[in-house]
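Here are my notes on this one, put down as numbered points.

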Amino acid sequence: MELIKLKKNKAQAAITDALFFLTIIMVLAIMLFKVSATYGQRVKTASTNLYFKEYTSSVLKTIFFSEIPLNDKLDISSTEETDYLMTAIKSDYFSDQKIGASEDINTMSQAGENFKDGDIAKYNLYHIIKATMNPLPNYDYLFYLFDPENPSNSFKFFMIKITTFNLREGTGKEKYTLTGDQNGAEYYLCNPYSYDNIRSIMYNVSDIYSSSIPLRFIFDDIHQNSTSNVIDLRSTFTIWPANNSINASVLTDPNNRLNCKLYESENYT
Amino acid sequence: MKSQKGFISSIGDDFPSLIPIFLGLLIFFSVFLSTYNIYKTNTTAFSLQQQAISVATIMKTEPVISDYNSFTNICNKVNTNKKWVAFLTDLDMNVSKQKSLPLDKDMLKDKNIIKYSDEIIYNCPNDNWDDLELKNNTKKIIYMFPIDLDRNNFAVPVKLFVIVWE
């Protein structure tokens, strides 16, 4: 009898159906929320990657096709003699198989009375790279000319820019984290022992964008020791967000075999 | 029938179950509309980014822009269904002398601020400048690339700006 009575309670069955329906709708709503939260992330990342890839490629083209004043004034309109940057670099390399006046590639003279004429090409290369990247202060970068066939003397030029931060202890929920404002930038010239040393410091840096092109240099082998006086270098330009930056102490630590020297620094404040 | 417990009427019996059904439909359509809006916004943004990259790639075809005619010829090769403008500004090798053109919201509201700015070397296309009145809610993409320009017979670095909007 009770069973028959229960069977006659029609409203309960309808409520149950409605609750099942509501449950299905909630599951669908959660799935839609999830889709909307993640929709387009990959495409957005791909678009950002494409922009920075194009930017690094443009920087390399700008470096190679720019003309430079053949002095340390950085003002092409007031100079008597100019040349294409890459021509000046190759001319510099031709005579002594190195770029710059010093034997050490991490050394370069500063503008002024003590400026060495042998550093003209290297000096202008450094400043063109710095100038093209100045509109992106939130990005750090490195540029190098690398000889993959010569393990003992691989790098012909290497510069790296690191953003420095005012680190302070966070407050509230961020109390145990270091937060910081951009303080300035430091520019280093390096002479790494090998390509692996570069790879080891870049290993933990995320969001890296890079472009690379081959260059052919000719040198004057007055001793005629080699069978060929042609060398194929690879020029690479790499950028990454400054908040992913490398600590400057990593560059100067002898254990990292980067052999970096601070060339100049800037203070934003 | 009326004397049976639980029976109100043929519609009244089902009335309590209508509440979760309506609630479910309301939730579903709200979430659906929200997802659709996000989809539409992102799709528009991706389309703009793609067109901006496409325009910039064409503008950067020549590694050195020789003169205004060359710049205009390159501009005429751009084929896009979005509204766009491109212009060149100085990029001094001495970073302490570099000026920045702040393309902020106030500046973009008045096309004449950009078009007649002293810092612009070349700009194109002329027709689209009249449409450049970007309000706060206008979807736009602004890309900047370094490029070389032949100025006074010297190839010097300059900044190429590409703005695409709809």
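1. First, the terms: on a 1 Å grid over the protein atoms alone, a cavity is a set of points where a 1.4 Å probe fits but cannot get out, and a pocket is an open set with protein on both sides within 12 Å along at least five of seven lines; a lining residue has an atom within 4 Å of a point. Grid points are joined across faces, edges and corners, and a volume is the space filled by probe spheres set on the points. By this rule there is one cavity of 30 Å³ or more.

2. A word on provenance: this is a predicted model, with local features needing pLDDT of at least 70 and side-chain atom pairs pLDDT 80 or more, while totals for chains, interfaces and linings use all residues. Residues are numbered from 1 along each chain as its sequence is written, chains are lettered from A and ligands numbered from 1 in the order written, and side-chain values use heavy atoms, leaving out hydrogens and water.

3. The largest cavity comes to about 50 Å³. Its lining draws on both chains: Ser58(A), Lys61(A) and Thr62(A) on one side of the list, and Lys60(B), Pro63(B), Pro146(B), Ile147(B) and Asp148(B) on the other. H3 of chain A and strand E4 (140-151) of chain B each give two or more of these residues (helices, H or I, of at least four residues and strands, E, of at least two are DSSP runs, numbered from the N terminus).

4. Now the largest pocket, at about 550 Å³. Of its 23 lining residues, Asp90(B), Leu91(B), Asp92(B), Met93(B) and Arg151(B) lie nearest the centre. E5(B) supplies the largest share of the lining, four residues. By class, the lining has eight nonpolar, five polar and 10 charged residues (Ala, Val, Leu, Ile, Met, Phe, Trp, Tyr, Cys and Pro are nonpolar, Asp, Glu, Lys and Arg charged, the others, Gly among them, polar).

5. Over in chain A, look at where H3(A) meets H5(A): Tyr55(A), Val59(A), Thr62(A) and Ile63(A) in H3(A) touch Leu125(A), Ile128(A), Ile129(A), Thr132(A) and Met133(A) in H5(A) (contact means heavy atoms within 4.5 Å). That makes seven nonpolar, two polar and no charged residues.

6. Finally, chain B has five helices and five strands, running α-β-α-β-α-α-β-α-β-β from the N terminus. Of its 166 residues, 45% count as buried (under 20% relative accessible area, with a 1.4 Å probe and protein chains only).

Note on methods
Buried < 20%, exposed > 50% of the residue type's maximum accessible area, 1.4 Å probe, protein only.
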